Amino acid sequence: MTTATPPGTPGTSGTSGQQNATVLVVEDEPAIAAAIAQRLSAEGWRVEVARDGLAGVDAASRLNPDAIVLDVMLPGIDGLEVTRRIQAENPIPILMLTARDDETDMLVGLGVGADDYMTKPFSMRELVARVKALLRRVERAQQAAVTTPADPPMVMGDVTIDRAQRRVHRAGDEVHLTPTEFELLVMLASSPKTVQTRERLLAEVWDWADASGTRTVDSHIKALRRKLGPDLIRTVHGVGYAFEPPEA
């Protein structure tokens, strides 16, 4: 386990909450781990590095970090099992790194609780943007819990979305969503039957507007359909997606 100490002056590009953030990096390749830690530390974040899966699970439990950058291929237990164990204890936003640009792998990662993913090789600039977006979503969730505790649940047919408690039920059964999946569902459900473009969803939910990231939106939509059923979200080819309220 290694720690990268942030420089004396925190980065000015994030919010005040982000400046105090702790990020855990779980990566077994020393050169990649060091490069990621150095770049994230330059943002003013406290960064700790774990070199294998079990060390990553232990560090997540001990640190309760604000976000985790996690490689899929790890010695001991892989990143998918690490994600399962961490999310079972405490839902922490996870950015998963994978060496294979395989949509099946991505969907499995999102299915076990990762919030986002990147394929290697990647740019450090994009990595920082993705981590910042994760941290902003955490802040939004915390602020929403404080400022809108009295918001009534959204009830549409057999689907109930409780924004205050950040819980979703369908047909009486609770459906466990990642923070990103929850925000994506809320945005779609807030304007039923209205088509939301991939670019708008990316900007509003992920807080970044790089058109190359629209595939991320598609993968999260697929993950939502797997958890909630294929009937709730309609694809408008070439445009985006719309929430279709189920019949009562």
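Author: Let's start with E27, which is buried at a relative accessible area of 0% (buried means under 20%, exposed over 50%, partly exposed in between, with a 1.4 Å probe and protein chains only). The side chain of E27 meets that of K120 in a salt bridge, 3.1 Å from N to O; the term covers a side-chain nitrogen of Lys or Arg within 4 Å of a carboxyl oxygen of Asp or Glu. K120 is buried too, with a relative accessible area of 18%. This pair links distant parts of the chain, 93 residues apart: E27 sits in the loop between β2 (22-26) and α2 (30-41), and K120 in the loop between β6 (116-119) and α6 (124-147). Helices here are DSSP runs of H or I with at least four residues, strands are runs of E with at least two, and both are numbered from the N terminus.

A word on ground rules: this is a predicted model, so local features need pLDDT of at least 70 and side-chain atom pairs count only at pLDDT 80 or more, while totals for chains, interfaces and linings use all residues. Residues are numbered from 1 along each chain as its sequence is written, and side-chain values use heavy atoms, with hydrogens and water left out.

Next up is E48 with R62, whose side chains form a salt bridge at 2.8 Å, N to O. E48 belongs to strand β3 (residues 46-50) and R62 to helix α3 (residues 53-63), so the bridge ties together parts 14 residues apart in sequence. E48 is buried at 3% relative accessibility, whereas R62 is exposed at 51%.

Then there's R85 and E81, with their closest N and O atoms 2.9 Å apart in a salt bridge. They are 4 residues apart in helix α4 (residues 79-89), so about one helical turn separates them. R85 is partly exposed at 37%, and E81 is partly exposed as well, at 25%. Back to E27 for a moment: salt bridges with shared partners join E27, E29, D71 and K120 into one network. Across the whole structure, the search turns up 19 salt bridges.
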